[in-house]
Amino acid sequence: MANNNNSDFIDIKGLLRQYLSKWYLFVISAVICGGIALLFCKARVRTYGVRANVLIQVDDTNPLSAMGAVGDLLGSKGRVDDEVYVISSHSLLRDVVKTLGINQSNMVKRGLLKRVDTYPDGPLRIVTAPELPDTLTAGITFKVKVNEKGMATIEAKAKRKVIADIKNQPLPVTLTTPYGDFTIEKTEFFTEGEALNDNMSFTGYHAAAEDLALDVSASIASKKSNAIELAIDTKNPALGEAILNEIITLYNQRGIKEKNLQGEKTSQFIADRLVILNEGLNDAEIAIEQYKREHNLTDLKLDMTYSAQKMGDLEKSLLTAETEAEILKMTLEFMQNPDNAYALVPATIPDLAETMNTYNEIILKRIELLGSAQPNNLMLQQMNAQIDAMRTNVLTSIKRAKVSADLTVKEIGRQVDATRSSMGEIPTKEREFYTLQREQLVKHNLYMFLLQRGEETQMLMANAVPKGQIVDEAYTLNKPLGLGNMMIMMLAMCIAICLPPAYLFLRKLLRNKFETREEAEKYVDVPVLGEMCQIRESKGSVVVGNGIYSSSSELFRLLRTNLLFMLNGADDKVVLMTSARSGEGKSFISINLAATLALLKGKRVLLIGMDIRKPQLANYLGIPANPGLTQYLSTPGMPIENIIRRNVPIENMDVIVAGPVPPNPAELLASDHVDELFRHLRTMYDYIVIDSAPVGMVSDTFSLNRVSDATVFVTRVNYSQITDLQYLNKINHDKRLNKLSVVINGTQSKQGYGYGYK
């Protein structure tokens, strides 16, 4: 496993160093993002918010609202939620599109990148047959270019296909398309003598209304209010204000029309009912008239009062008549009694009062005379005769009065009976009369009610007011919507800062390669012997030597020091150099490591090229490729001195090149002759550096492990893959190579002489 002791921590300094080493990516990112943001700010047209507020008057003026359920049949109170739907309905928006003519638009080019909507001052207009926008199913775009001479080139497209094309024609121009004829003509806002680049579009009313519905929003301003807020976000504030104002105007016109339509229906209903009620009212009045005539009624209440009063008077008269008749009877009986011949008559009869008073006066005189005279007194006898004669006359008068009184009693009694009988029929007549009167009264009241409502309806129709009271006409918000230019530039800079780390991270994930020594150390278990920086100067294959103190030479000296710590045994002399694949700088590291060891005073160093499948050592050093190691191994008895090149290219460093490629390289390296060779070389040299084949490609290097004391595995940043490091860990875990360590080639490290001087 990799040495991940610090894998749970983020190496901030390492990341910063990595990012600083890629400073040019940040510069490029800032330039690109800043340029894109600048072009965007220059080319874009700012979007503005346009708002309008309407207060909905809840409809409580229904002419039949007082009629209860009857009024509900003809109209009910509107709700604000329903009005939101109405004010944003497709039909209303279609009328707005048709009225304003916004089913066609002009996007005129201004400057290099910007295009603006020129409503309502469009330089061109499209004229078609009046019925075409109602039936058009596809949107048509016209690219119009007019030069300074007024010659127009027009291309019409529908559904991404060219349907008409005209070049160098003077305006107006008529284009014949499968959808109909379209004439493009100038408006009063067209400027003669100037070039024009105009992208025009033309759609049907329904399609334009659908697009407008996506832009316009209507919502209730507050839960406790009846206000509706209309809003549209547009790049042309004049167009937005015109749309919202027209929506309000058409909405109010529709409301007035609906109210008048309801009033007309109400008036017609009332007129029809008045005709019916008039006929019914006439019939009811005729029925009452006939009933009164048949029953001799003028006014039932007055007739009842008169009958009751008459009954009282008759009963009173009957009582008086009966009383008089009884008095006459008693008086007659009193006077007919012989015992009362000369007695005073006690009763007074009004009609006979004078006669009775005269009679009683004579009786009183007789009584006075009788008190002083004898019964045979002449005067008394004369007075008796007078009284007898007068009594006869009085009796005759009383009898006649009694007969008359009896007739009066009988007549009054008959009248009483007749009146009592008539009063007994009054409840029936009253019920029948009131039934007729109630029917007539209901029809009369309903007739008057409808007559009044009819007048009120006519007044409401004459004074109809819109349902939507304009609180705020369409107005444009002061500040444009969206991010400002400064904010966009700041956002672009933030993106510019974030892009390089993201790019580096993604590249790392996709490339599966490491880029720094620190990153490589996270994946390997073996010690890191050192690193080698990139060498940009052209100095050949050898970069170390006496008097050379470049960064690369100092790094090789540091590599040498670390290697000597690993060669801590008395006989540890042979260093095996290998890599995972070709191209990682193994031969370069081998040459310069051997040259660095040769700089040690009194030390003899040998560099052997044992990558016999693809030998490159001779080419790097610029020496002949023959004779070489393969010839020595395949030729018994050949002296070793024949293949050793002395002091090449540095003093105290000898070289043995690989020689020709043999047909059996694996068998040749596995031969005992190799063991004999190294036993002899160990006696000749202090250090032996073997440039062997890559272990990731062939197995030759593993067969040389028997003659080596330490192994240096060369990797290269931005070239070696992480799988190569994992393979290195596996080799170390299986102990297939002795004292394995790793050198990281191609880093950005710089090493100065001593304490960083020079």
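**Close-ups of a predicted model**

**View 1. Strands 6 and 7 side by side.** Strand 6 (residues 151–158) and strand 7 pair in the antiparallel sense, with 7 bridges between them. Helices (H or I, at least four residues) and strands (E, at least two) are DSSP runs numbered from the N terminus, and two strands pair if DSSP finds at least two bridges between them. This is a predicted model, where local features need pLDDT of at least 70 and side-chain atom pairs count only at pLDDT 80 or more, while totals for chains, interfaces and linings use all residues. Residues are numbered from 1 along each chain as its sequence is written, and side-chain values use heavy atoms, leaving out hydrogens and water. Looking across to strand 7, lysine 157 has valine 162 as its bridge partner, and glutamate 155 has aspartate 165. The two strands make a hairpin with 2 residues between them, and lysine 159 in the turn has a positive phi of about 55 degrees.

View 2. Strand 6 has Ala152, Ile154, Ala156 and Ala158 on a covered face, and Met151, Thr153, Glu155 and Lys157 on an uncovered one.

**View 3. A nonpolar patch on the surface.** Trp23, Tyr24, Val27, Ile28, Val31, Ile32 and Ile36 make up this patch, with about 720 Å² of accessible area together. Patches take residues with over 30% relative accessible area and no salt bridge, joining nonpolar side chains (Val, Leu, Ile, Met, Phe, Trp, Tyr) within 5 Å and like charges within 9 Å. A salt bridge is a side-chain nitrogen of Lys or Arg within 4 Å of a carboxyl oxygen of Asp or Glu; areas come from the Shrake-Rupley method with a 1.4 Å probe, and for residues only the protein chains shown count as cover. Isoleucine 36 lies in helix 2 (residues 23–43) and is exposed, at 54% relative accessible area (exposed is over 50%, buried under 20%, partly exposed in between).

Methods
Buried < 20%, exposed > 50% of the residue type's maximum accessible area, 1.4 Å probe, protein only.
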